[in-house]
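Reader: I'd like to learn how to read a model like this one feature by feature. Could you walk me through it?

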Amino acid sequence: MSKKTLVLGASLKTDRYSNHAIRKLVANNHEVVAFGLKEGEIEGVTIDTGLKPYNDVDTVTLYLNPKRQKDYYNYIISLKPKRVIFNPGTENPELYKKLKENTIDFEVACTLVLLSTNQY
């Protein structure tokens, strides 16, 4: 089942995990939207540089360190995703609390591992 996923912190650099995640999500037939600092395209997915009010986002997968996440707390919550994935290096107890307060599930995991082990 396809889960619309927002990759927050998307990078055009092919060595970045966010880039690998977009490629793997597309390969697994998930609908992907992406936000990053530089406009571009990865596997047909446009990286937006402005925050858009995406509809029906199932999962937000984070590739921003906790300090940089602060600017996006309200945005993430406004999307009302079913879950937020905190990839390695993005763990953030302050945001966990805000998500709990808004009944949004979260997990500390690696999107690439979840996809590779059919647990996504």
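Reader: Let's start with Lys80: where does Lys80 lie?

Author: Helices (H or I, at least four residues) and strands (E, at least two) are DSSP runs, numbered from the N terminus. On that scheme, Lys80 lies in the loop between α3 (73–78) and β6. Lys80 isn't a glycine, yet has a positive phi of about 50 degrees. One caution: this is a predicted model, where local features need pLDDT of at least 70 and side-chain atom pairs count only at pLDDT 80 or more, while totals for chains, interfaces and linings use all residues. Residues are numbered from 1 along each chain as its sequence is written, and side-chain values use heavy atoms, with hydrogens and water left out.

Reader: Is Lys80 buried or exposed?

Author: The labels come from relative accessible area: buried means under 20%, exposed over 50%, partly exposed in between (1.4 Å probe, protein chains only). Lys80 has 67%, so it counts as exposed.

Reader: Which loop holds Asn29, and what is its phi?

Author: Asn29 sits in the loop between α1 and β2, and its phi is near 65 degrees, a positive value in a residue other than glycine. Asn29 is exposed because its relative accessible area is 62%.

Reader: And His30: buried or exposed?

Author: His30 is in the loop between α1 (17–27) and β2 (32–36), and it is buried because its relative accessible area is 12%.

Reader: What does His30 touch?

Author: Contact means heavy atoms within 4.5 Å. Not counting residues up to four places away in sequence, His30 touches Met1, Ser2, Lys3, Leu25, Leu115 and Tyr120. There's a polar contact too (a pair of N or O atoms within 3.5 Å; within protein, one must be able to donate a hydrogen and the other to accept it, and residues adjacent in sequence count only if both atoms are side-chain atoms). Here the His30 side chain reaches the backbone nitrogen of Lys3 at 2.9 Å.

Reader: Where is Asn65 placed?

Author: Look in the loop between β5 (59–62) and α2 (66–69). A polar atom of the Asn65 side chain lies 3.0 Å from the backbone nitrogen of Lys67. Asn65 counts as partly exposed because its relative accessibility is 38%.

Reader: Now the rings. How many aromatic pairs does a search of the whole structure find?

Author: A pair of aromatic rings is described by the distance of the centres and the angle of the planes. Rings of Phe, Tyr and Trp (its six-membered ring) pair if their centres lie within 6.5 Å; planes under 30 degrees apart count as stacked, over 60 as edge-to-face and the rest as tilted. The search finds four pairs. One of them is Phe86 with Phe106, edge-to-face at 6.0 Å centre to centre and 85 degrees between the planes. This pair links distant parts of the chain, with Phe86 in β6 (residues 83–86) and Phe106 in β7 (residues 105–108), 20 residues apart. Phe86 is at 0% relative accessibility and therefore counts as buried, while Phe106, at 26%, counts as partly exposed. Phe86, Tyr96 and Phe106 form one aromatic cluster.

Reader: Which ring does the charged end of Arg83 sit over?

Author: A charge sits over a ring if NZ of Lys or CZ of Arg is within 6 Å of the ring centre and within 35 degrees of the ring normal. For Arg83 the ring is that of Tyr120, with the charged end 4.5 Å from its centre.

Reader: Last one, the sheet. What is the strand order?

Author: Two strands pair if DSSP finds at least two bridges between them. The sheet is open, with seven strands in the order β3-β4-β2-β1-β5-β6-β7 and mixed pairing. Its edge strands are β3 (40–42) and β7, each pairing on one side only. β3 and β4 (residues 45–48) are antiparallel, over three bridges, and Gly40 has Ile47 in β4 as its bridge partner. β1 and β5 run parallel, joined by four bridges, with Leu6 partnered by Val60 in β5. β5 and β6 are also parallel, with four bridges, and Thr59 stands opposite Arg83 in β6.

Reader: Which way do the β5 side chains point?

Author: Thr59 and Thr61 point one way, Val60 and Leu62 the other, and all are buried.
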